[in-house]
Amino acid sequence: MLGEFEYMLLTAAAGLGDAAYGATIRQEIEKATQKSCAIGAIYTTIDRLEAKGLVRTWMGEATSQRGGRAKRMVEVTSAGVKAAKEFYSAVMRVSRTSSWAPSGAEKLI
């Protein structure tokens, strides 16, 4: 089972597609949570997800706007998609009877 931050990172990376790398993933997570996020936490989580086979990474081209540094690109694997879907489904199932779930949420699952 994924952790919450792992799920957010997978979801952000999947949504970003070809533009997914540490800084853009961080921006998406910060925008969604409205909280700051350490870039170290992003890369530690990327490493963990890669070790689990849920993402793959590679070094992109060096760019002048990044001072000649290359971006570490991130792609969600099919196993990562499956894990994210399972996490989302589990959260929806456990939430459907909570007082904060929207009326009729049990029909969404």
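I took a salt bridge to be a side-chain nitrogen of Lys or Arg within 4 Å of a carboxyl oxygen of Asp or Glu. The model is predicted, so I kept to its limits: local features need pLDDT of at least 70, side-chain atom pairs count only at pLDDT 80 or more, and totals for chains, interfaces and linings use all residues. Residues are numbered from 1 along each chain as its sequence is written, and side-chain values use heavy atoms, with hydrogens and water left out.

Entry 1. I counted eight salt bridges by this rule. One of them joins Lys 52 to Glu 6, with the closest N and O atoms 3.0 Å apart. Lys 52 sits in the loop between helix H3 (39-51) and strand E1 (55-62) and Glu 6 in helix H1 (residues 4-16), so the pair ties together parts 46 residues apart in sequence. Helices (H or I, at least four residues) and strands (E, at least two) are DSSP runs, numbered from the N terminus.

Entry 2. I checked exposure, with buried meaning under 20% relative accessible area, exposed over 50% and partly exposed in between (1.4 Å probe, protein chains only). Glu 6 is buried at 6%, while Lys 52 is partly exposed at 45%. I also found Glu 6, Arg 48 and Lys 52 linked in a network of salt bridges.

Entry 3. I looked within helix H2 (residues 22-33), where Glu 30 and Arg 26 lie four residues apart, about one turn of the helix. Their side chains meet in a salt bridge at 3.4 Å, N to O. Glu 28 pairs with Lys 31 at 3.3 Å between the closest N and O atoms. Lys 31 is exposed at 57%, and Glu 28 is partly exposed at 30%.
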